[in-house]
Amino acid sequence: MRSAIKKIFWLYALIFLILIGYLLKLCLYDSHSFVANPFNPRLSQSYEGIKRGSIYDSNGDVIAEDVKQDDGTFKRVYKNARYYAHVVGYTVKGKAGVESKYNFRLESINNEFLQRVGNLFLGKDIEGNSLVLTIDNRLQEIAGEELGNQRGSIVAMEPSTGKILAMVSNPAFDSNTVAENWEELNSDDKNSPLLNRATQGLYPPGSTFKIITAAAALEADKALESFEIDCDGEEKFGHSIIHCYNGKAHGNVNMDSAFAKSCNIYFSEIGVKIGAGKLIDMAYAFGFNKDIGLSLEYSKSTFPMTLEAEENEIVETSFGQGRTLVTPLFMAMVTSAVANNGMMMQPYVVDHSLTPSGGVRNRTLPVKLNQAISPGLASQIKELMCGVVENNGGTAQNASFSVSGTAVNYDENESGASVSKGAYSGKIRVAGKTGTAENPQGDDHAWFVAFAPADEPKIAVAVLLENAGKGSNAIPAAREIMKTYIENLAG
């Protein structure tokens with residue numbers, strides 16, 4: 001009898017501990033996703049009488065702010081609304097983007113007692129805390145202009161920190177007119193204007209995936225660096241016949257020239273040599289199928305291949321076709337990891353909060369996600385990517401650019417100390433990779449990923465243009481963004 005009572009006691013104790021653990025997880029880890037969920041009805045309600053905090057770009061330019069109306073209420077007004085639609089979002093019909101995920105920061109009142117006293121006796125507005133984004137308005141505008149009316153997305157990142165410097169998705173919408181156009185926006189399945197293609201759009205990576213395949217091969221067997229084949233532009237693997245782009249025969253190629261010329265046959269051979277296991281290991285090392293920790297809504301990039309994969313699946317996967325799907329943001333992260341000595345950083349779009357009096361709160365600190373590859377291997381992949389731009393026959397020879405010198409000093413925002421920036425001038429070395437992704441629903445998608453300067457990376461860019469054909473069509477947008485950043489902004 002006494003033994004049975006003890007068992008029941010420990011059973012209830014265990015259930016109690018599990019319940020406590022679940023409640024702690026709910027409060028400490030899951031609460032943010034609940035309060036920021038777009039289906040949360042509380043997001044549709046703003047606190048009356050409170051001026052919602054503003055949203056600024058990294059240079060202090062206003063992106064969103066509350067403007068007081070004649071009746072004393074506040075209206076949310078967005079600048080450059082089309083370019084910031086998917087990042088900043090909106091505050092009607094629910095909330096989206098930064099407006100949703102950081103809603104409670106924007107409505108939180110710092111020094112509430114003093115603000116309410118000031119409101120009562122001086123008529124001052126009660127203000128929530130503002131947000132300063134990592135995005136630079138100048139780059140955001142260039143990215144938007146380069147996209148134009150083209151469907152797709154552009155993402156620019158700082159490789160060493162994970163800061164998102166620009167993020168544009170198209171088709172877009174005007175955040176100022178969401179309420180009036182809601183029915184049209186919400187029902188337009190053809191264009192999906194509410195979808196942030198940068199973080200939620202999933203596409204075959206095309207030949208940009210050769211970064212992963214090359215890394216897997218060089219890690220598995222250093223001898224593969226000198227492996228050569230004669231490419232005739234077409235070869236049969238199992239039940240599949242693989243072609244290089246437009247059936248072009250590349251002749252005798254090794255790792256360097258095959259990567260530069262984007263030879264599908266060569267990387268198919270490499271895939272067969274190293275096998276499914278090595279590809280799976282490297283894909284996982286780069287973060288496929290994993291959460292990336294971004295505060296905005298995002299889709300996981302997926303790599304579904306298993307150890308039991310047949311040869312035709314291995315071959316197609318090795319040059320970025322098959323069932324592999326990625327977001328433009330994820331490819332910017334992969335590119336940044338190569339630039340950052342193999343270390344992949346967690347991406348973020350909000351740098352810090354600002355109180356109405358100018359106090360800095362909640363500064364975001366860079367977070368290391370994982371060491372995808374060793375620094376030595378990252379250096380090898382960087383040189384392969386430089387060959388795409390520099391080598392004769394490389395698919396991105398028009399990605400190179402030159403810049404004039406930049407300003408030498410700037411003020412560090414908190415301490416006020418003058419810090420040397422270091423000038424850039426002359427030709428900038430660029431590391432890049434083009435990709436042409438076959439699309440069963442229409443014309444091929446064009447990819448280009450790159451970082452610069454190659455030997456001292458300051459910016460990484462991923463450009464995805466839907467149905468735009470060959471990957472080289474995505475180069476001009478990336479080149480213009482990198483050139484502008486290095487000329488004017490790089491620290």
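This is a predicted model: local features need pLDDT of at least 70, side-chain atom pairs count only at pLDDT 80 or more; totals for chains, interfaces and linings use all residues.
1. One of its members, Leu17, sits in helix H1, which spans residues 2–35. Leu17 counts as exposed because its relative accessibility is 57%, and the cut-off for that class is over 50%.

2. **Packing of H2 and H6.** Two packed helices are described by the angle between their axes and by the distance between those axes. Helix H2 covers residues 81–88, and helix H6 covers residues 137–147. They pack at about 105°, and their axes are 9 Å apart. Angles of 65 to 115 degrees count as roughly perpendicular, so H2 and H6 fall in that class.

3. **Contacts between H2 and H6.** Which residues of H2 meet H6? Tyr83, Tyr84 and Val87 do. On the H6 side, the partners are Asn137, Gln140, Glu141, Gly144 and Glu145.

4. **Salt bridges overall.** Side chains of opposite charge can pair when their charged atoms come close. The whole structure holds 19 salt bridges.

5. **Arg52 and Glu99.** These two residues form a salt bridge, with 2.9 Å between the closest N and O atoms. The pair links distant parts of the chain, 47 residues apart. Arg52 is in the loop between strand S1 (50–51) and strand S2 (55–56). Glu99 belongs to helix H3, residues 97–101. Are Arg52 and Glu99 buried or exposed? Both are buried.

6. **Asp291 and Lys300.** Here the closest N and O atoms of the salt bridge are 3.7 Å apart. Asp291 has 54% relative accessibility and therefore counts as exposed. Lys300, at 38%, counts as partly exposed.

7. **Lys382 and Glu383.** This salt bridge has its closest N and O atoms 3.6 Å apart. Lys382 counts as buried because its relative accessibility is 14%, and buried means under 20%. Glu383 is partly exposed, at 37% relative accessible area.

Conventions:
Residues are numbered from 1 along each chain as its sequence is written. Side-chain values use heavy atoms; hydrogens and water are left out. Helices (H or I, at least four residues) and strands (E, at least two) are DSSP runs, numbered from the N terminus. Buried means under 20% relative accessible area, exposed over 50%, partly exposed in between (1.4 Å probe, protein chains only). Axes are lines fitted to C-alpha atoms, for helices over the stretch in contact, and angles run from 0 to 180 degrees between N-to-C directions. Angles under 35 degrees count as roughly parallel, over 145 as roughly antiparallel, 65 to 115 as roughly perpendicular and the rest as oblique. Contact means heavy atoms within 4.5 Å. A salt bridge is a side-chain nitrogen of Lys or Arg within 4 Å of a carboxyl oxygen of Asp or Glu.
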